[in-house]
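Have the picture open as you read.

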Amino acid sequence: MLLAILRKKVRTPLRAAGSIYKIGGGDFWYGGLSPVLTKYFQNIEPRDDPFKLDVSVDGLPLHKGGPTQVWPILVKAVDLPKLPLMLVAAYSGHTKPASVEEFLRSLVNDFNIIQRGGLTIGDKTLQFRQRRTTTDTTVV
């Protein structure tokens, strides 16, 4: 199911929604945590304060038998089970990202900003906290 989501999302619309650049031997797209959260939370009345977020990172082959791997960074709002997984970033290369720090830097910076001041969506300021990070142990 995750592969189907990524195949649909990793096409041209991602280029417009974020930036693609080279890191550690591959291509890295970062759409930004704030734009992704803003999109999904614009029509939601906040009940929980702060919202808890889970982050998930795991690699998968893009094609059977091919050398290309995709390493998505996905975010899920814990208290809103009907809200879909949100794709925040994706790395593509022949191996896993060479540097975990480089791979996660933009996400960590965004989380720090949002945790300090919240995220303003319309006339609401929502607070977010990271609850859990799940990663493939070969990344960290």
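## Ground rules

Two strands count as paired if DSSP finds at least two bridges between them. Strands themselves (E, at least two residues) and helices (H or I, at least four) are DSSP runs, numbered from the N terminus.

This is a predicted model, where local features need pLDDT of at least 70, side-chain atom pairs count only at pLDDT 80 or more, and totals for chains, interfaces and linings use all residues. Residues are numbered from 1 along each chain as its sequence is written, and side-chain values use heavy atoms, with hydrogens and water left out.

## Strand β5 and its partners

Start with β5, which pairs with β3 in an antiparallel way through five bridges. For example, V57 has I73 in β5 as its bridge partner. Strand β4 (residues 60-61) also runs antiparallel to β5, with two bridges, and here P61 sits opposite Q69.

Then there's β6, joined to β5 by seven bridges, again antiparallel. Look for V70 facing S92 of β6.

How much of β5 is covered? Seven of its nine residues are buried, so β5 is mostly covered. Buried means under 20% relative accessible area, exposed means over 50%, and partly exposed is in between (1.4 Å probe, protein chains only).

## Salt bridges

Now for the charged side chains. A salt bridge here is a side-chain nitrogen of Lys or Arg within 4 Å of a carboxyl oxygen of Asp or Glu. How many salt bridges does this rule give? The count is three.

One of them joins K52 and D79, with 3.4 Å from N to O. This pair links distant parts of the chain: K52 belongs to strand β3 (residues 51-57), while D79 lies in the loop between β5 (69-77) and β6 (86-93), 27 residues apart. K52 is partly exposed at 33% relative accessible area, and D79 is partly exposed too, at 27%.

Next, find R105 and E101, whose side chains meet at 2.6 Å, N to O. They sit four residues apart in helix α4 (residues 100-117), which means about one helical turn separates them. R105 is partly exposed at 40% relative accessibility, and E101 is partly exposed at 47%.

Finally, K22 and D27 form a salt bridge at 2.8 Å, N to O. Is K22 buried or exposed? K22 is exposed, with 65% relative accessible area, whereas D27 is partly exposed at 33%.
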